[in-house]
Amino acid sequence: MNHRLKTSVFKILDGLPDRLGYFIYHQLQDLIAKLSIEDKIKSTEASYRLMKKIFDQQQISLENKIIVEVGSGWAPILPYLFVHDAAVKKVLTYDINKHYKKKSIKELNKIFEEKYNNQFGDLSGNSNLNEKVNYFPYTNVAEGELKDTDIIISRFVLEHLSPKDIKKMHQSFENKLKSGSYILHLISPGDHRAYSDKSISLYDFLKYSQQEWDAIQTKFDYHNRLRLPQYLEILQQNFEMIHLEYTSCVPESLEYQKFKKINVHEDFKRFSFEEQTAGSINVLLKKKIAFL
Ligand SMILES: C[S@@+](CC[C@H](N)C(=O)[O-])C[C@H]1O[C@@H](n2cnc3c(N)ncnc32)[C@H](O)[C@@H]1O
């Protein structure tokens, strides 16, 4: 979809009373989600494999662990993969909104039952979820009960939070988590409008001042535009970083050619080319061991 059309739709919804705006937004999201459930499973499986690879590399066992997911989104695909493939004890998944619908959970349950030859466990949990998945809608994870948590995970959430909220969230994690707990974030720092409109680049939004960008984005597609060093500065205030990986824009690639046409705004000029264009940031943090 052309990014201007998408922005116009979000702008119209943003102008409606909150309840009506969110209602229509959810209907549209449902429509999109329904069309691409198989694609969503495929892309979430790729994220799961990535997370598993990082934990394996660091020799962090997932078996029988209590996992907290930040930002459940539209379907419990990631929690289901952790439950089935990694044999975790439980996944507690938090979302400040409520996007799960019983009908789509049932549809997903059916797919997982078929996928795992009816060995997908008890599906009588709350909202018809696998019993090892607990869903906490309308709940900020920062307010969650986290003291027994071993590992926190998030997928494509941090880029949608304000820097202030990321800081508050990690302060709460630091206060509540036990020593030695881990946090793994998958962050997608690129301009999301480029996913559905190939005419613009993943870095297109770097040409705008904050004021200009705020006039384009809405509460439905908020993106903080933080660059790699800014994330690292915030996250390392409270935690030890034990693994970091990210992609770089390859010189002479199509994305590079698109990037070169952008007049990067003053606000981002202090960052190097690599910092400006770092993508798919995966960062593993550890709560420091407290010495008495
Ligand atoms: C872009 S969606 C990603 C959803 C899912 N992780 C995925 O990969 O499809 C971000 C989600 O994070 C949720 N969210 C944002 N801030 C949150 C917070 N402080 N606590 C829990 N959920 C939050 C939003 O409501 C939204 O559903």
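Tutor: A polar backbone atom of G71 lies 2.8 Å from a nitrogen atom of the ligand, a polar contact being a pair of N or O atoms within 3.5 Å. This is a predicted model, in which local features need pLDDT of at least 70 and side-chain atom pairs count only at pLDDT 80 or more, while totals for chains, interfaces and linings use all residues. Residues are numbered from 1 along each chain as its sequence is written, and side-chain values use heavy atoms, with hydrogens and water left out.

The side chain of N97 places an N or O atom 2.9 Å from a ligand oxygen atom. Of the 600 Å² that the ligand exposes when taken alone, the protein buries 85% (Shrake-Rupley method, 1.4 Å probe).

The ligand is surrounded by 16 residues, the closest being G71, D95, N97, N140 and R155; a residue counts here if one of its heavy atoms lies within 4 Å. By class, this shell has seven nonpolar, seven polar and two charged residues, with Gly counted as polar, and Asp, Glu, Lys and Arg as charged.

As for the helices (DSSP runs of H or I, at least four residues), helix 3 (residues 37-57) packs against helix 4 (residues 77-86) at an angle of about 50 degrees, their axes 10 Å apart. Helix 3 passes helix 4 in a right-handed crossing, the near helix being turned clockwise from the far one.

How values were computed
Polar contact = N/O pair within 3.5 Å; in protein donor to acceptor, adjacent residues only side chain to side chain. Axes fitted to C-alpha atoms, helices over the stretch in contact; angles between N-to-C directions. Helix = DSSP H or I, 4+ residues; strand = E, 2+ residues; numbered from the N terminus.
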